[in-house]
Every structure is written in structure tokens, then in C-alpha cells.
Amino acid sequence: RPKLSGPELLCQLRDKAEVATLTSELQPFSSLPWASLLPSKPLTSDLGPYRSCAVVSSAGSLRHSGLGKEIDSHDAVLRFNTAPTNGYEKDVGSKTTIRLINSQVMASDDHRFLSSSLYSSGALVAWDPAPFSADLTQWYNRTDYPIFIQYQRYRRLHPLQPFYILHPHFEWQLWQRIQDNMAEPIQKNPPSSGFLGTVLMMSLCDVVHVYEFLPSRRKTELCHYYQRFYDSACTLGAYHPLLYEKNLVKRMNRGSDHDVYTQGRVTLPGFSKLNC
Ligand code: NCC
């Protein structure tokens, strides 16, 4: 199979990995008593389009980056899971437009998902590692973590905050893009939040800057910028096909290698700006 060029990869992603979220109209959710807690419209019709967007990985290499001002200068900023801004503004900024969280974060008592103010700014988007190509009913009856129970609780406590759930089809479509572009078989686990969020923003923004997904010269074993925990698997991946995701992002990068080296910054075009 011929190796796709950066522009070809971008077009393939645009055409074969469509961001979708659950809506109150969608079966089997529409027949559940709590269906009305789900948004009536998909995320892509409610949010954006934005001109410029920043995706802030949670990598330890953001520490001492001084990228905060640059990150906040974007029209929209996406952050992940429990990544804080308080106390880290100089390196990661303070604006949060969207927070993408995995179902583990919603379920664990440690993260105080229902009560912590960490989750209250911007829109929330949650996802759960659904079984590969399972239908929605199968997934609903056997989620990895109790995403739907926690979703209902959160929505009742914070009814005004926009809150979406990613359609598992999107996870596996993206996974398939990764697999089809790699010579070897990759593990059958969904992409990391980092890759899901990057493609989500490419669907909403004219231009996307991703920070410290491809590590800069600050590359470190420190897992997160906000925690004293060291593990190189955070950057290279274990459960998620992270290394392969990074390989694809590197191929699609329209910025310079120097930008990656000094700022940890990748520049990706929004899907609406592509000429395929
Ligand atoms: O660590 P995590 O990811 O929350 O990081 C968000 C995204 O940033 C990118 N990243 C992070 C650290 C690093 N050194 N390099 C990076 O490139 C990755 O793209 C990552 O996706 C997740 O993807 O949801 C993940 O979540 C954590 C954990 O569940 C949450 O942080 C909540 O505590 C997972 N860790 C564990 O399960 C122990 C992680 O595997 C994936």
C-alpha cells in the first residue's frame, strides 16, 4: 500500500472520520426516559466555526514553556481530562472553550467530576472506549465506565452547560485511519483523547495549533505538566496507539520542524480550508 502524503492524509481524515455526537433523537437513546438530557443538535452545529484554535496536550513538556499567552490568543482552546489552568497560566494559558474528558475521569471519585469547578468552563465533550464496531445498544449496556449515569447526574446539576457525548463510530473511524496508514497491525484500542480532540478541532476551526503532542526540546519523562509523576508511556503510549497517532500528525504538520522543536507546536489546517 503506498504511503499517503500529508495533503492526502488530511483529505482522507476529512472524508472518512466525521465528528458525531449523540443527540436526543438518536436510537436507542430517544426511547430512554432521560433522552431529553442529551443535546437536540450535534456538537458541530452548535459550536464554531472558529478562526484559530489551540489544542493543549497535557504533556509534562509544557512546563516552563511560557506558551500561555500564545495559547490564549486563539479563538478557541481545547483541553483534556483533569488538566488545570489555575497556577499554570504562564505555561498553558487560562482560556478553556472545550474540555474533552474520558469516561474514567467522570467515574473516578478522585476527580470529583460532579462538584469540582475544573469542569465548569466552556463546553464538555465526553467519550468512552466503546467495543470495536459494536452497536449503540451493546455499548449502552456495557460501557467501559458508567459514562451515562455520570452524564445524567452532571446534566441535572449543571443544566445550562453544553455537554456532548462522542459517537463511538468516530473513535473507530479514526482508529481505522491510523491502521490503514501504518504498515504493522496496531492495538485495537481507541485513539487517545489527544488525537480525538485534534480531529474534533480540525472540524470546527480554520487553523489548529497543537501544543506538545509532538514533544519539543523540553521532552521529559514527566507525564503531565500538573503532576509529579514520571512515566515515558504517557508520551509514547501503551493502551492508546499514541505513537502512531503522533506519526500521522507529524506527516500532516504544515508548520516547521523548528516550531515543533522550540515550541512543541504543530500547525494543521481546518477541514473547511482543504482543497481535496
Ligand atoms: O494523560 P491524558 O490522556 O489525560 O492526556 C491527554 C492527552 O495529552 C496527550 N499527552 C499527554 C501526556 C504526555 N506526556 N504526552 C501526550 O501527548 C495525549 O494525546 C493524551 O490523550 C486520555 O487520552 O484520555 C488519557 O487519559 C489518562 C487518564 O485517564 C486521565 O488523565 C485522567 O486521570 C490516561 N491515563 C491512565 O489511564 C493512567 C491516559 O492513558 C490517556
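Because the model is predicted, local features need pLDDT of at least 70 and side-chain atom pairs count only at pLDDT 80 or more, whereas totals for chains, interfaces and linings use all residues.

View 1. Strands (E, at least two residues) and helices (H or I, at least four residues) are DSSP runs, numbered from the N terminus; two strands pair if DSSP finds at least two bridges between them. E1 (residues 50-56) pairs with E6 (residues 205-211) in the parallel sense over 6 bridges, and in this pairing Cys-53 stands opposite Val-208. E1 and E2 also run parallel, joined by 3 bridges. Of the 7 residues of E1, 6 are buried, where buried means under 20% relative accessible area, exposed over 50%, and partly exposed in between, with a 1.4 Å probe and protein chains only.

**View 2. Strand E3 is mostly covered, with 5 of its 5 residues buried.** E3 (residues 98-102) pairs in the parallel sense with E2 (residues 76-80) over 3 bridges, and with E4 (residues 123-127), again in the parallel sense, over 5 bridges. Ile-98 of E3 stands opposite Leu-78, and the bridge partner of Ile-98 in E4 is Ala-123. In a regular strand the side chains alternate between the two faces of the sheet. In E3, Ile-98, Leu-100 and Asn-102 point one way and Arg-99 and Ile-101 the other way, and all are buried.

**View 3. Phe-163 and Met-201 touch the most other members of the largest nonpolar core.** A nonpolar core is a set of buried Ala, Val, Leu, Ile, Met, Phe, Trp, Tyr and Cys residues joined through side-chain atoms within 4.5 Å, and the largest one here has 69 residues. Helix H9 (residues 193-204) gives the most to this core, with 7 residues. Apart from this core lies another, of 11 residues, among them Ala-54, Val-56, Ile-71 and Ala-83. Leaving aside neighbours within four places in sequence, Met-201 is in contact (heavy atoms within 4.5 Å) with Cys-53, Val-55, Ala-76, Leu-78, Ile-98 and Val-208.

**View 4. The largest pocket holds about 970 Å³ of space.** Rolling a probe the size of a water molecule over the atoms shows where empty space is left. On a 1 Å grid over the protein atoms alone, a pocket is an open set of points with protein on both sides within 12 Å along at least five of seven lines, a cavity is a set of points where a 1.4 Å probe fits but cannot get out, and lining residues have an atom within 4 Å of a point. Grid points are joined across faces, edges and corners, and a volume is the space filled by probe spheres set on the points. The pocket is lined by 36 residues, of which Asn-81, Asn-102, Ser-193, His-224 and His-240 lie nearest its centre. Two or more lining residues come from each of helix H5 (103-107), H9, helix H10 (233-236) and helix H11 (242-252).

**View 5. The largest cavity has a volume of about 40 Å³.** The structure holds 1 cavity of 30 Å³ or more. The residues that line the largest cavity include Ala-59, Gly-60, Ser-61, Glu-212, Phe-213 and Lys-246.

**View 6. Helix H11 is covered by several elements, including helix H1 (6-16) and strand E7 (265-269).** The buried residues of H11 are Leu-242, Glu-245, Lys-246, Leu-248, Val-249, Arg-251 and Met-252. In H1, Gly-6, Leu-9, Leu-10, Cys-11, Gln-12 and Leu-13 are buried, and what covers them includes H8, H9, H11 and E7.

**View 7. Two loops contain prolines that follow a cis peptide bond.** Most residues other than glycine have a negative phi, and most peptide bonds are trans. The bond from Gln-27 to Pro-28 is cis, with omega near 0°, and a cis bond with omega about -5° joins Gly-48 and Pro-49. Pro-28 lies in the loop between H1 and helix H2 (43-46), and Pro-49 in the loop between H2 and E1.

Note on methods:
Residues numbered from 1 in each chain as written. Heavy atoms only, no water.
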